[in-house]
Amino acid sequence: MKTLAVCPGSFDPVTEGHLDIIRRAAQLFDRVIVLAMTNAEKRYMFSMEERLKMLRLSTAEFPNVETDSYQGLLADYVRTRGASAIIKGLRAMSDFEYEFQMALTNRKLNPAAETVFLTTTAELMYMSSSLVRQVAALGGDISGFVPACIIPIIEKKLQITGGNP
């Protein structure tokens, strides 16, 4: 049964690894909301507006994917939107330990939503937003790490911040 799924993350910035998970989720569900969230424990390079812009540009090819942002509990957002699944990408065992804890918490807060884990492809398992920020800040080529459509946004941000991620 295909329905609505939410794919949350910080997307600071969106990477090819994120897009791999989003693409596959879009094949499994009728509709997918890619949800940019704020984690109080993280420091962001991009504003929420910038992250949403990059997400919209990066997911434009997927007709059943929409983007949104939220600053509360994921379980509350999922309930409000009537979604039945939370999509989480896994790169390594360390991801699993953290995401498993989050899945159990979300299930306690919203028993109607299941967490679905999708493992990344082997070629992208090292990919992370923080790695992209570091490579970009040091002048490296990030064209293999992020969609081409968002590279100008990243470069502009680095010019404004003087290369500091």
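A salt bridge here is a side-chain nitrogen of Lys or Arg within 4 Å of a carboxyl oxygen of Asp or Glu. The model on screen is predicted, so local features need pLDDT of at least 70 and side-chain atom pairs count only at pLDDT 80 or more, while totals for chains, interfaces and linings use all residues. Residues are numbered from 1 along each chain as its sequence is written, and side-chain values use heavy atoms, with hydrogens and water left out.

Begin by selecting R133 and D12, whose side chains meet in a salt bridge at 3.5 Å, N to O. R133 lies in helix α5 (residues 129-137) and D12 in the loop between β1 and α1, so the pair ties together parts that are 121 residues apart in sequence; helices (H or I, at least four residues) and strands (E, at least two) are DSSP runs, numbered from the N terminus. D12 is buried, at 2% relative accessible area, where buried means under 20%, exposed over 50% and partly exposed in between (1.4 Å probe, protein chains only).

Then select F11, found in the loop between β1 and α1, where phi is near 50°, a positive value in a residue other than glycine. Most residues other than glycine have a negative phi, and most peptide bonds are trans.

Next, select E99 and K88, which form a salt bridge at 3.5 Å, N to O. E99 lies in helix α4 and K88 in strand β4 (residues 85-90), so this pair ties together parts that are 11 residues apart in sequence.
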